[in-house]
Amino acid sequence: MIDDRLGSPIARVLRGGTLVAVTVVAVGYVLGLITGDDGPGTTPLLALLASGGADALIGAGLLVLTLVPLAVLAVAAIGLARSAERSDMVASLLTLALLVASLATAILVSAPA
Amino acid sequence: MSIDLLLALSGVLAGAFGALLGLGGGILIVPILTLGFDVPLTTAVGTSLVCVIATSTGAAAFNVRAGLADVRLAITLGAGTVVGAMIGAVIAGFLPERMLAGLFSALLLYTAYTMIRGLRRPASAPSNDDEGDGPSSPSGRGAPSYRSHRLPLAISGSVLAGNVSGLLGVGGGIIMVPLMHLVMGAPMRISITTSNVMIGITAAAGAYAYLFRGDIDPRLAAPVVLGVVVGAAFGAAMSRRLRTGWLAVLFVVVVLYVAAQMGLRAIGGSA
């Protein structure tokens, strides 16, 4: 049941994605401490990213973190397709499609008119 | 700075606890932020969802690399929890929360009872918890060999877990770990590590809405997330050293605590 051929690339994505996200959040957080301001508070992500600076970096890091599960599912789908495991591949593609739909809905709803 | 340090330490605690038990740590983060730091509930839930992903990726990176998590099972059941979470988000406004909390509390009490009965099982009884380092281990690195049972029932249960998660704002791990362990026959350790992979996928479905809507304060979330990642790595490492029996006992204690919280909510308490 526990397959290294599938697990190794997923572990790399998890480790790499977490490392990138945490580094970006940490850099943004330290920059925020240096500037000394209180930050913008709760702000929609698109506006936060457009504002630039420390808080935009934190927002970008959090976005990368939430995208890691998407990347895991994509890598799993590719691995399962290569090993011709149709039912597991369909499950991973279905979950991936649902997460993409959730992400797209969140972007569309929050985008300024 | 001192508040940031407390937030980071809270993250370390929640991350370690979540990774150790496959729960994500949301059970701790939401009350800590709302009661300890006077953070509005919506912001606390949004921050908690991002932290659940951080716990998941931090712990899963460790567990998947070590060959301790069943990635295929996580993906198969993850589809169910994501569908359930989306349905839960849609119907959340139509069902009385107190009734749901009462049902959830009853379900958890039954789960705790079943797990306690399992803990008292005689050592000679056949069990999937025979986690030796024998040649049957599929990854050759200490992972137990087992065969999962009742997949259709487990998929139905995972939809319910996602649904309850979306409706009540709790991590799906509190249902998925007992479901994999008691219904599917997966060893406790595998149930926890596999849940750690799944909860990130489930939490992501809800986290996007909070993040893009602006329900997350970056200066609040940053120290908590950084703490959670450190705690999750520590918890994942520790879970390999703790005996399965202790993990199960710890899990039952947490299940009873959440059942009490939900019971109070059902009868109109403030929990």
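**View 1. Where α3(A) meets α4(A).** In this predicted model, A:P69, A:L70, A:L73, A:A74, A:A76, A:A77, A:L80 and A:A81 from α3(A) are in contact with A:D88, A:M89, A:S92, A:L93, A:T95, A:L96 and A:L99 from α4(A). Contact here means that the C-beta atoms, placed from the backbone, lie within 7 Å. Sorted by type, the residues of this contact are twelve nonpolar, two polar and one charged. Nonpolar covers Ala, Val, Leu, Ile, Met, Phe, Trp, Tyr, Cys and Pro, charged covers Asp, Glu, Lys and Arg, and the others, Gly among them, go down as polar. Helices are DSSP runs (H or I, at least four residues), as strands are (E, at least two), numbered from the N terminus.

Residues are numbered from 1 along each chain as its sequence is written, while chains are lettered from A and ligands numbered from 1 in the order in which they are written. Local features need pLDDT of at least 70 and side-chain atom pairs count only at pLDDT 80 or more, but totals for chains, interfaces and linings use all residues.

**View 2. How the α3(A) and α4(A) axes cross.** The two axes come within 9 Å and cross at roughly 155°. That makes the pair roughly antiparallel (over 145 degrees). Axes are lines fitted to C-alpha atoms, for helices over the stretch in contact, with angles from 0 to 180 degrees between N-to-C directions. The crossing of α3(A) past α4(A) is left-handed, that is, the near helix is turned anticlockwise from the far one by less than a right angle.

**View 3. Chain A against chain B.** Here 49 residues of chain A touch 47 residues of chain B. On the chain A side, α1 (4–35), α2 (45–51), α3 (53–82) and α4 (86–110) each put in at least two residues. The largest share, 15 residues, belongs to α1(A). By type, this side of chain A splits into 30 nonpolar, 15 polar and four charged residues.

View 4. Chain B has ten helices and zero strands, and 58% of its 271 residues count as buried. Buried means that 20 or more other C-beta atoms, placed from the backbone, lie within 10 Å of the residue's own. In α7(B), residues 173–183, nine of the eleven residues are buried; among them are B:I174, B:I175, B:M176 and B:V177. After α7(B) comes B:G185, with a positive phi near 80°.

How values were computed
Contact = placed C-beta atoms within 7 Å. Parallel < 35°, antiparallel > 145°, perpendicular 65-115°, else oblique. Buried ≥ 20, exposed ≤ 12 C-beta atoms within 10 Å, placed from the backbone.
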